[in-house]
Number of protein chains: 2
Amino acid sequence: MDKKPTVYDVAREAGVSIATVSRSLRTPNAVRATTRQAIRTAIDRLGYVPSGSAQSLAARRTNSIALFLPTIDELDSLSDFELATVDEANMVIDRPTHHVVARYDSLYFDTVLRGCELEAWRQGLSLVVSLGMGHSDADISHVVNDVSGKVDGIIVLARSIPDHMLEALHRRRPLVMIASSPTAHEGEFDLVRVSNRKGMSAWWDISSTRTTLPESLHDRPGRLPRQRQTLRGFCEALTLRGLNPAAAPIYRGQFSQRTAFDITSTLVEQDQLPEALICANDQMALGALTALRRAGIAVPDRVIVTGFDGITETDTSNPRLTTVKQPMLELGRAAVATLVKRVDTPDAPAMSTELPVTVLLRESSEGVLPDA
Amino acid sequence: MDKKPTVYDVAREAGVSIATVSRSLRTPNAVRATTRQAIRTAIDRLGYVPSGSAQSLAARRTNSIALFLPTIDELDSLSDFELATVDEANMVIDRPTHHVVARYDSLYFDTVLRGCELEAWRQGLSLVVSLGMGHSDADISHVVNDVSGKVDGIIVLARSIPDHMLEALHRRRPLVMIASSPTAHEGEFDLVRVSNRKGMSAWWDISSTRTTLPESLHDRPGRLPRQRQTLRGFCEALTLRGLNPAAAPIYRGQFSQRTAFDITSTLVEQDQLPEALICANDQMALGALTALRRAGIAVPDRVIVTGFDGITETDTSNPRLTTVKQPMLELGRAAVATLVKRVDTPDAPAMSTELPVTVLLRESSEGVLPDA
DNA sequence: TTGTACGCGTTATCAC
DNA sequence: GTGATAACGCGTACAA
């Protein structure tokens with residue numbers, strides 16, 4: 001493993017010119033079979049790998065795109081990592097701490113990433129991923145600048161990098177933003193997103209014939225946009241059906257399974273249980289389900305329960321939970337597809353793609369399931 | 001947004017030479033403050049971004065590393081992605097299907113990725129991520145080859161790339177492998193991993209004074225290594241304490257919450273409940289917990305329950321679940337740290353780092369908690 | 001402190 | 001078919 005071999009080395013080894021080597025890699029048909037074979041041999045005798053940098057430089061495109069994801073957690077441990085084999089296991093007495101679990105968000109980003117990768121792969125693109133922003137602006141713009149130079153275009157998730165940097169970034173590189181709700185950047189650059197309002201509307205059909213209780217949405221910093229959207233969609237649906245949104249009781253479950261459990265239990269005790277529990281996320285719905293099961297209340301016969309998000313646990317709960325699945329994978333794919341288009345036609349007007357949610361009808365709302 | 005501006009454009013705009021522009025970016029102190037300022041102005045008037053390709057080419061290093069992750073799911077939807085705004089929500093009647101949920105694995109990879117990113121960020125490296133392998137060998141080697149050319153080194157998770165490609169890859173680029181169990185590649189190249197046996201041993205201490213029932217490990221294709229390790233560690237721990245592994249009943253919970261629920265319920269009905277349920281993953285432990293709660297059996301007073309993996313749900317279950325957390329984030333960080341070392345000193349002997357698991361003692365095994 | 005000129009490894013356009 | 005050779009955009013001795 002001396003110096004990295006180059007085309008010159010391969011050319012010499014195979015007794016041809018560098019032009020032929022290059023050709024045999026890019027347009028194999030334009031090269032005689034025997035020479036091609038000689039070159040192949042030389043290549044893997046030497047362990048030659050074409051320099052991506054040189055290729056990109058010559059071709060004026062990197063065939064790479066960048067993806068910026070927000071990160072909420074794990075950002076403090078900035079000490080040097082000590083490389084050492086430790087012979088024992090750590091043992092920690094882990095007392096309850098009522099922290100908000102950021103894992104909740106990660107589930108999304110993870111899936112978006114998969115979507116991006118899937119589509120990038122299909123398009124023959126490499127994906128440069130950056131998360132762990134949330135540092136100083138200076139650091140961020142340094143990283144963003146660095147990465148920008150290595151790619152043909154950029155995908156940003158909402159809130160992954162500060163808004164005030166977006167415009168400047170957009171002026172330097174093709175940019176696509178993935179947002180879960182309307183943003184201030186409407187029409188400014190390409191947008192891919194999902195309408196939570198439509199999701200709520202559709203999902204509402206599940207229990208439209210019943211009195212409802214939306215279990216909803218504690219104001220958590222940084223998550224307001226989605227919450228508002230969801231809530232508004234819910235109210236809209238109510239109104240459309242001639243119900244007064246203000247009349248539907250709304251409880252704030254803080255997105256927490258435990259809190260939802262407590263609220264539901266209390267409702268049961270006070271005999272105030274409505275005919276449907278419409279929960280703003282799956283965790284709360286699962287909590288409600290548990291409370292109802294413990295109280296011996298039949299779901300969906302006595303109460304319908306629905307969640308929101310489509311986390312995997314909803315498929316194994318008892319009963320399985322009707323929920324609304326966000327098209328996270330599709331968001332990723334759409335973003336890449338959009339970016340590719342944008343790179344090809346830089347001057348086209350900004351596109352905006354809106355993806356539908358999927359309502360998964362399951363046993364927790366069986367009462368309104370069509371007889372399939 | 002005409003043609004991308006280059007150093008030459010900036011130099012002309014600022015009335016200096018390209019060398020000065022370059023310097024003002026890399027060694028600002030070597031440039032007079034006023035010229036530096038002029039250059040800054042020119043740079044953002046033009047929206048100049050240094051070409052990563054050219055930089056890498058000139059510097060002979062890319063400051064990028066690649067990460068290969070395995071993917072188990074989502075690999076079939078290879079149709080073109082249709083960019084269109086759909087105005088309705090999908091509605092799906094989702095009947096139960098007893099598929100194995102690959103999400104289980106994803107949780108790991110996601111965290112490893114975060115670890116890599118975290119450390120890469122600190123080291124000023126870009127991270128090129130590839131998953132979605134599981135295609136034809138030809139496709140894989142094409143992607144691998146392509147990516148190799150763009151990076152200084154590569155991190156592979158076990159089973160992300162076919163074993164027979166690893167050696168060749170290693171001969172071309174610095175390579176670090178993250179494995180959750182011993183592999184055939186011992187000493188061949190750099191390795192970062194976690195010992196599940198030690199994890200099991202440590203964790204065993206939790207309930208060492210009681211009769212135990214390991215709830216364990218259905219043979220699922222592709223996951224055998226970890227399972228065997230875990231099981232062996234468990235048996236070792238038993239033996240160390242003078243117990244006969246063969247005498248400890250082992251039930252196969254298929255890694256499924258539901259199955260574990262059923263098994264536990266059955267044990268209760270048949271009055272065969274042991275004093276501890278040692279589950280091979282958290283999902284099963286949660287299932288057991290639910291069954292016990294429903295049966296009105298006190299945890300941990302009557303039975304101790306422990307899980308394995310440290311998924312977030314274990315922190316919100318009732319009671320919270322004692323479990324063994326795999327150091328996934330640290331694996332990622334260690335891998336990057338190792339790779340950086342390797343790139344700096346290509347000829348050093350292969351290193352092997354083994355990371356400790358963390359046993360999280362919580363209420364589901366409160367009986368044996370030290371009085372903290 | 002600043003400018004000149006060459007090299008980095010490929011691709012692509014010519015001739016041959 | 002194959003071989004010279006000029007870009008590609010930047011870093012960096014070496015000069016000035």
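## Strand E1 of chain A and its partners

Strand E1 (residues 64-68) of chain A is joined to strand E3 (residues 126-130) of chain A by 5 bridges, and the two run parallel. Strands (E, at least two residues) and helices (H or I, at least four) are DSSP runs, numbered from the N terminus; two strands pair if DSSP finds at least two bridges between them. Phe68(A) has Ser130(A) as its bridge partner in E3(A). E1(A) also pairs in the parallel sense with strand E4 (residues 153-157) of chain A, over 4 bridges. There, Ile65(A) stands opposite Gly153(A).

Because 5 of the 5 residues of E1(A) are buried, the strand is largely enclosed by the rest of the structure. Buried means under 20% relative accessible area, exposed over 50%, and partly exposed in between (1.4 Å probe, protein chains only). Ser64(A), Ala66(A) and Phe68(A) point one way from the strand, while Ile65(A) and Leu67(A) point the other way.

## Basis of the model

This is a predicted model, in which local features need pLDDT of at least 70 and side-chain atom pairs count only at pLDDT 80 or more, while totals for chains, interfaces and linings use all residues. Residues are numbered from 1 along each chain as its sequence is written, chains are lettered from A and ligands numbered from 1 in the order in which they are written, and side-chain values use heavy atoms, with hydrogens and water left out.

## Helix H4 of chain B

In helix H4 (residues 52-59) of chain B, Gly52(B), Ser53(B) and Ser56(B) are buried. They cover an arc of only 100 degrees around the axis, which puts them on the same side of H4(B); the arc is that of the directions from the helix axis to the C-beta atoms. Helix H4 (52-59) of chain A is included in what covers these buried residues. After H4(B) comes Arg60(B), with a positive phi near 60 degrees.

Sugar and phosphate make up 63% of the atoms of DNA strand D that come within 4 Å of the protein. A residue counts as near the strand if one of its heavy atoms lies within 4 Å of it.

A backbone N or O atom of Val7(B) lies 2.5 Å from a phosphate oxygen of DNA strand D. For Arg32(A), a backbone N or O atom is 3.0 Å from a phosphate oxygen of this DNA strand.

How values were computed: Contact means heavy atoms within 4.5 Å. A polar contact is a pair of N or O atoms within 3.5 Å; within protein, one must be able to donate a hydrogen and the other to accept it, and residues adjacent in sequence count only if both atoms are side-chain atoms.
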